[in-house]
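Open the model in your viewer and keep the selection tool at hand. This tour goes from stop to stop, saying what to select and what is there.

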Amino acid sequence: MNYDFDVIIIGGGHAGVEAADVSARMGKKAGLITMDASKLALMSCNPAIGGIGKSHLVKEIDALGGLMGKAIDATGIQFRRLNLSRGPAVWSTRVQADRIKYNDYVVNYIKEQHNIEVIEALAGKLLTENGSICGVLTENGDKITCRTVIICSGTFLGGLIHIGPTKIKAGRLGENAAYKLSDSLDELGFELGRLKTGTPPRLNGDTIDFDKCELQPGDTPIPYYTNDCNRPDFKQMPCYLTYTTAETKAIVSKHFNDSPIFSGQINSTGPRYCPSIEDKFYRFADKERHQLFLEPEGNGTNEIYPNGFSTALPEEIQHKAIRTVEGLEKVEITKPGYAVEYDYCPAYQIKPNLETKRVSGLFFAGQINGTSGYEEAAGQGLMAGINAVLYLEKEKPFILDRSEAYLGVMIDDLTTRSTTEPYRLFTSRAEYRLAIREDNARDRMYRYARRFNLVDEAKLDAFDKLVADTSTEIGLLKSNRIHISQLGEVGERFKRKDSISLEEYLKQPGVTVHDLIPLLGNFNGDFSDNREILERAAIDIKYAGYIEKQQREINKFKKMENESIPEQFDYTDITGLKNEAKEKFTRFRPISLGQASRIEGITPGDVAVLSIYLKKHKDTITK
Amino acid sequence: MKNILLEDTIVAIITPPGEGGIAALRIAGNDARSILSKHFKPQQKNRGVKPFLMRFGFFVDDSKNVIDEIMTVYMPAGKSYTGCEQVEIFCHGGRQVVRLIQDTIIGSGARMAEPGEFTKLAFLAGKIDLTKAESVAEIISANTSSSFETAREHLLGAYSEHIGMLREQLIDILAEIEASIDYPEEEIDPKDQEKLISDFDDLLGKISELKKSYKGGRIINEGFKIAIGGRPNAGKSSLFNLLLRQQRALVTPKAGTTRDYLSEWIDIDGFKVNIIDTAGLRKAGGTIEKEGQKSAKSILKSADLVLWLVDISSKGYKKQIETDLQDITNNHILKLYNKIDKSASSPEHPDTDTILISCKTEKGISQLKKEISARINATIPDLTAGVVVTSARHKQKFSNAEKMIKAARDKCLEKESPELPAFDLREALKELDEITGKVYNEDILGRIFAKFCIGK
Ligand SMILES: Cc1cc2nc3c(=O)[nH]c(=O)nc-3n(C[C@H](O)[C@H](O)[C@H](O)COP(=O)(O)OP(=O)(O)OC[C@H]3O[C@@H](n4cnc5c(N)ncnc54)[C@H](O)[C@@H]3O)c2cc1C
Ligand SMILES: Nc1nc2c(ncn2[C@@H]2O[C@H](COP(=O)(O)OP(=O)(O)OP(=O)(O)O)[C@@H](O)[C@H]2O)c(=O)[nH]1
Ligand SMILES: [Mg+2]
């Protein structure tokens, strides 16, 4: 067998499929090497896409023509918008997936892309020539040549599963692991580290007493991610909420030492934001109970995912403990929970285009960079795919900055801080949070989609119209007035007036577009019945002042981002720069002064010296 | 032409504190000219602001009250020291007048320049040349070390520690709010509203204390200001010369000798003291004298201590004192009965805050010095007891932070959605960080030049 590709993607997880898809759509011949071709974009853990901060990523991925949004819209079983009581900047969509259907959808989607070939194999060795990637050797000994490689190996790179004292070499229970690839990276000189994550047992839904649990229905209207999703006969499935009991606490606490997390069997760092149940009882000892969400894994299955009960306790203890949870007294476990350790490459080793500094043409995306989560992986896969193509075309890399996108925040965090614990997004990581929202993902991303030809012309045009209609709507909100007697409590704030404009009303603290909607019935049909237009208009009005302020901050920020530092810049010659700073700069190789200033441990003085040096030697430093 | 290096318009006093009869302010930035136009009233209507032409007129506040007579010059963008649109204003010295002018300009939208910011702009505009990067690095780490500075350094340790503590408190509140955003489904016990608000109030209280400390702290930085006032011929200039130990001011038997004020620096008990001789106050007098009296009044108003001189050899002086002092709104007045050598009999027991002196025989002068020294010590904050703000720039940052924290507090109280108070608190954090320099945001160069003095 002898193959040749423009781009080789190793690993068909969430990162891998986005990378393959986008590079194929940008006209490159993509080869997707993965262990099991039927498991593309399989959800290893929670059957859900989105959530706070992560959903922003999904919207951005979608606006850049990625597949995650489409796949989940087509196969979701429950759609919700979180944080609605808070402001639009942090509204977040979370969708419960039909795990198998999602996986099938992606398998078919990839099959239909004529530029992608899926190769079922285990990638074992990276081949390089003069510091550039030139091919991949599978563990069977097949050689595949290429000009770029994107590694999206997820939790499989050196994957080791722990269930109680039992250890299994695998990235997911019942699957294989990639050990040779780790060795190959090590041989090339990459620094490898180890991280850990975990998953709860899966339950047989027929053995659960849902009457004892709280019902959590989906939202209507259904908040799809994409703007053209239509599923007329779709009925949402509910989730349930239940709680652990004092008995649960007693059992888990008694068996702390049987968990590999405490016994010393696992030393690697796990996600602090997603602790195992033993971790929760251990660290928050004064908390009597913990909530669990019971989430269906799909329509055609009775399997239930107990969100919040991640564990690596021995199977029989998992069994005993979970039966003490309200409603789960008779529950049967279908698959045990477990912890998994895997290799990653601390991200100081990649550039902001996700290409490694060590080997040109080699890109990393997803877990290998220290992140965790499907959305984080998919986002990086997409960015790596685009950048691999740009690399082949010898074009400037595509880098989003922190003020433009959560994609930018994430990659900047990775490349300037080089995470040492599993990284996930939160909205609080984004200092320009008010400016980068779910609702304006297209406003922010479409110009790039246009540049790289990632989204249909028709969609782009439809969006232009939406933007125009939004301004009309804003005009209407400004010009239409409402009598204060219709405004209830809020109306009392305007003692001296008979009526106020809808704009003024919206600007009142505590008033949201959701308060406005019922009032619009009083006006004779001028207002758009497109809820999205109304929301966009309302956000525009309500946050005008803040966004303006934020924009000023962004302008300052951009100035620093635009002060670029040449890639091969030599820091050793800068007199006056502390050795420690020289080392840090050399290790991270920031692309701009802005990035330089965000590197951990770098002081203002260091950046100042660097800045002066760059200014002074502007003419002699080749960019 | 908009200047992209500077988005705000900045202002600072560019003459050193207290020296000379004239002080200068510089405004730079895109609104420099429009701010000047708002506050400058040319003496002759047809002589308004024109590039590079020095103009004479009045600086007026928002309600068109004249603050001072000024000379001013405007330089368009690209053609000034800073490369930005720039205005310079020359007014009568006297910190209070200058500060009033500066405050008015800030009120019209400018912000206080960071230390060294003009220099930084000049550098960026290619107007000055920084020869060596190394020398800059040295500047960054350089420390001055006069004994006064040492005391300040000592203070600074406690100071930045204190700000660090405020910062922690602020971050605590912020974290509380952020958690409720990023974990809406988790069962984080949201601190109840009451507790949150009381945390806010505690923090605000501390910041307000700090701001208050600036009242005394300013004196550490700018010196203690003593103004000598009184009727013409009371002996003000004589006393001024006596305290300076040099014949600095003209002394003649003629009333109305001093027409414009004089300002000098002396050292009392190791403190910088700014001493000012003013024109004598009386109803009569020509235009020039009247102008002199006007500035005298504003100086007397703003002084940390007024020495009110009375010639007890003149008739009816007792009665005059009360009416004269009614005009002077200052709580720190010390009455000095001068020329006791002339008076046949010493006055019947004077009031408590009165000292009997003779500039001729120097009787009572040492008692006067002791009294001044006591008053300074009472005003200067106890440097060992608490944390004191001495810099106007810091005070402005605290005010800004306070404003943002208050806004956040009110929003929490009104149950506004939490990302808005979070935004305000992050802004407040930035203000604090700009004092300690902990977080490096964007103004790289600003930090370098922070070791330069403002306006250099
Ligand atoms: C047990 C467990 C618990 C988890 N818990 C959480 C959690 O609590 N929170 C959270 O956010 N995320 C969690 N995750 C992580 C989440 O599943 C991943 O972040 C996400 O799937 C990463 O996507 P990916 O594309 O990078 O890799 P994956 O989805 O892991 O996919 C990697 C793919 O690459 C293939 N592959 C790897 N190496 C090779 C090779 N050498 N040759 C060929 N094919 C290869 C694999 O077969 C697999 O198909 C968990 C994962 C596991 C396994
Ligand atoms: N005998 C006597 N004469 C004094 C004394 N102090 C000042 N004089 C005289 O009083 C006159 C006026 O003194 P100045 O110091 O010029 O008074 P002034 O208050 O500055 O006066 P103006 O500047 O005109 O307001 C001079 O002739 C001084 O010599 C004093 O203590 N005793
Ligand atoms: Mg005099």
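Predicted model: local features only at pLDDT ≥ 70, side-chain atom pairs only at ≥ 80, totals over all residues.

**Stop 1: ligand 1**

Select ligand 1 and show what surrounds it. There are 36 residues around this ligand. The nearest are His14(A), Ala15(A), Ala123(A), Gln367(A) and Gly373(A).

Now zoom in on Gln367(A). One of its polar side-chain atoms sits 2.5 Å from an oxygen atom of ligand 1. Move to the backbone of Gly198(A), where a polar atom is 3.1 Å from a nitrogen atom of the ligand. Then pick Met35(A): a backbone N or O atom there is 3.3 Å from a nitrogen atom of ligand 1.

How much of ligand 1 does the protein cover? On its own the ligand has 970 Å² of accessible area, and the protein covers 97% of it.

Colour by secondary structure next. In chain A, H1, strand E2 (30–34), strand E12 (193–199), strand E19 (338–344) and helix H10 (374–392) each give the shell at least two residues. Which of the elements gives the most? E12(A) does, with three residues. Then colour the shell by residue class: 17 residues are nonpolar, 17 are polar and two are charged.

**Stop 2: H1(A) and H4(A)**

Stay in chain A and select helix H1 (residues 14–25) together with helix H4 (residues 99–112). Their axes lie 11 Å apart, at an angle of about 25°. That angle is under 35 degrees, so H1(A) and H4(A) count as roughly parallel to each other. Turn the view to look across the pair. H1(A) passes H4(A) in a left-handed crossing.

**Stop 3: a cis peptide bond**

Select Thr220(A) and Pro221(A). The peptide bond that joins them is cis, with omega at about -10°. Most peptide bonds are trans. Where is Pro221(A) found? Look in the loop of chain A between strand E14 (214–216) and strand E15 (239–243).

**Stop 4: a positive phi**

Go on to Asn453(A). Its phi is near 60°, a positive value in a residue that is not glycine. Most residues other than glycine have a negative phi. Asn453(A) belongs to the loop between helix H12 (441–451) and helix H13 (457–479) of chain A.

**Stop 5: ligand 2**

Switch to chain B and select ligand 2. Of the 24 residues around it, the nearest are Asn233(B), Ser238(B), Gly256(B), Thr257(B) and Cys359(B).

Check the oxygen atoms of the ligand. A polar side-chain atom of Ser238(B) is 2.6 Å from one oxygen atom of ligand 2. At Gly256(B), a polar backbone atom is 2.7 Å from an oxygen atom of the ligand. Lys236(B) places a backbone N or O atom 2.8 Å from an oxygen atom of ligand 2. Taken alone, ligand 2 exposes 650 Å², of which the protein buries 88%.

Finish with the shell. Helix H7 (residues 236–244) of chain B supplies its largest share, three residues. By class, the shell of ligand 2 holds six nonpolar, 11 polar and seven charged residues.

Terms used: Residues numbered from 1 in each chain as written. Chains lettered and ligands numbered in written order. Heavy atoms only, no water. Near = heavy atom within 4 Å. Polar contact = N/O pair within 3.5 Å; in protein donor to acceptor, adjacent residues only side chain to side chain. Areas by Shrake-Rupley, 256 points an atom, 1.4 Å probe, with all protein chains shown as cover. Helix = DSSP H or I, 4+ residues; strand = E, 2+ residues; numbered from the N terminus. Nonpolar A, V, L, I, M, F, W, Y, C, P; charged D, E, K, R; others polar. Axes fitted to C-alpha atoms, helices over the stretch in contact; angles between N-to-C directions. Parallel < 35°, antiparallel > 145°, perpendicular 65-115°, else oblique. Left-handed = near helix turned anticlockwise from the far one by under 90°.
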